[in-house]
Number of protein chains: 2
Amino acid sequence: VGSDNATVTAVGEHGLIDLIRSLVPPQPPWVLIGIGDDAAVLETDRNRLDVITCDSLFEGVHVDRRLSSAADIGHKALAVNLSDLAAMGAAPRAALLSLALPPEYRFSEVRELVTALVALAARHKVALVGGNVTRSTGPVVVDVTVMGSIHRRRILTRAAARPGDELYVSGSIGAAAAGLEWLRGGAGEERAEPLMAEMLRTAVDRYRRPEPRVRLGLLLGRQRVATACIDLSDGLADAVCQLTRASGVGASLEADAIPVDPGAARWFASRGREPVGAALTGGEDYELLFAVPRSRRGRLRGVERHLAGLAVTRIGVVTPGGPVRLRRNGTEESLPRGYEHFKE
Amino acid sequence: VGSDNATVTAVGEHGLIDLIRSLVPPQPPWVLIGIGDDAAVLETDRNRLDVITCDSLFEGVHVDRRLSSAADIGHKALAVNLSDLAAMGAAPRAALLSLALPPEYRFSEVRELVTALVALAARHKVALVGGNVTRSTGPVVVDVTVMGSIHRRRILTRAAARPGDELYVSGSIGAAAAGLEWLRGGAGEERAEPLMAEMLRTAVDRYRRPEPRVRLGLLLGRQRVATACIDLSDGLADAVCQLTRASGVGASLEADAIPVDPGAARWFASRGREPVGAALTGGEDYELLFAVPRSRRGRLRGVERHLAGLAVTRIGVVTPGGPVRLRRNGTEESLPRGYEHFKE
């Protein structure tokens, strides 16, 4: 459609839409109208409810083009939305992509961005069905909407945790924050320490290409394991506060149980910071935090067998009320605050 | 939640979400989970299909804060999406609002923006069910997603116009473009001519607060009047080209039949420009262009009786192929090009 070095200005809106359309695989039969009309038309998923969310990546706020490639941005823009659907226990189905691009952005970058987004979409059986492309006055802004479906009795909200439920988190935390710090610091200083460098490469990858826990969220809802669930977009501390506030409960976390990513822990320690506290407040983990009644521990074990090695760690318990506390060495402290989007 | 003069930075993300939630009327029963969780959950409309679209307003590209108030921006961000759904013949149901705001943006401006959006939503029975708020590095960016529903056999696409169909456009065209030009020119120079000033005030209003033709779109689909339909976001010339290209047909328009807004016509003429050509390429009319088989003229008359005075004007005919032509004084010329988002 255009040469790789051409700018989006030279290619124009219609050329970009043609490019995007060419990168999208054949649409599933339930997409009746896809890219190219005023709106997309989809068959509803029979006997299910619609679930819908949108989230954006704003260059200079959520992404930095010096630290993330166009492909990283495309992947992440979809991943953060899939993570939100996972937190509801929903099966994602369709996505809309809203792109605002500066005049000098390259055709090749658009292709890389959309290719990575479409690749992640394919892995989760999500169809890219529409969106829009426009000029930006400077920052790249990628806004993605994801629609999914869910059975009425399988919805996971933030608001239904009950006292006595145990709190679990998937995977490990802190890696994305450590990876971002490392990237911002110049990303070369650890060359003398190969093990550390290797661990940080993993952390950087977690920052650049978060893996939404779609399967876990689906299983937690479908098998009726969890009472409440939320994703860790703004850090574990923030997620625990939001879930307990929405549920009208409190929580007590065990500092020693919190699965801090080993590379992140070493990174934070090497900077003179306490690893658990740093990991708790570091954002962008995109893991799931969920509450499970003690009586459903067996069901949770069953779910774990289908997670292809993704760890699920018990980190504390829901309490009847009060603030969220962190137990450490026999003492209790209050939880540090998470990331706030307007207070970088 | 915050004082009117407080900035969004001082209020913070959670404060803004609380504000938005407080401005949203009680949700209809089919919204099972609304604002405040990871995603919204909606009952599907029984025996209908989902229709979904998103579109954004980027400050400095689509809106100028010196020319449009926060309320204008909120109204328009939803209106352009409702217009897209109208062009499909769909009934809008739910909206998501994705807001990126510069640090110095005022709490009062957020309230005005959301209040205007919610007011337009209420008039069209649309529920605001979710979204996100984030910091911007400068421009205000408002991205709205609208979902609606439609009967399988009532979908209006761009692609089904047939030779012999007559082309109609709703309302009048050119007013938004004239209003914007006037605003950009300083918006005071016409004070000496009261009639002109009054006409231009109407034009400015059309630019700032477009009225999506939701009811017309619904009726065109429901009564099976139109074979194809598109909205005029980028001007009538662009819409005719897109509709005919998608349908694999051509068209012949009658210049004298094109309903140019009288104020816009006077404005363009006073600037030494030919009014029909200027109106054809002026964007942001948000009227509907649609194709109607001659045999359904009677049905269209029936629809017109339910439009509360909105005019519907026959402007030409679909031809078997070839480019789009404009007939004027017995001669034919080719159609001028419309607005292109990357080539301002």
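I count two strands as paired if DSSP finds at least two bridges between them; strands (E, at least two residues) and helices (H or I, at least four) are DSSP runs numbered from the N terminus.

Ground rules: this is a predicted model, so I keep local features at pLDDT of at least 70 and side-chain atom pairs at pLDDT 80 or more, while totals for chains, interfaces and linings use all residues. Residues are numbered from 1 along each chain as written, chains are lettered from A in the order written, and side-chain values use heavy atoms without hydrogens or water.

**Sheet, chain A.** I looked up A:Ile230 and found it opposite A:Leu289 in S10(A). S8(A) and S10 (residues 288–292) pair antiparallel over 4 bridges. They belong to an open, mixed sheet of 7 strands, ordered S8-S10-S7-S11-S9-S12-S13. S8 (228–231) and S13 (331–334) are at the edges with a single partner strand each, so one side of each has no neighbour in the sheet.

**Interface.** I get 68 residues of chain A in contact (heavy atoms within 4.5 Å) with 69 of chain B. The rule gives 6 salt bridges across the interface, counting a side-chain nitrogen of Lys or Arg within 4 Å of a carboxyl oxygen of Asp or Glu. I checked A:Asp37 with B:Arg158, a salt bridge whose closest N and O atoms are 3.6 Å apart. On the side of chain A that touches chain B, S3 (residues 49–58) of chain A gives the most, 9 residues.

S2 (residues 40–42) of chain A runs antiparallel to S3 (residues 49–58) of chain B, joined by 3 bridges. There I find A:Val41 opposite B:Val51.
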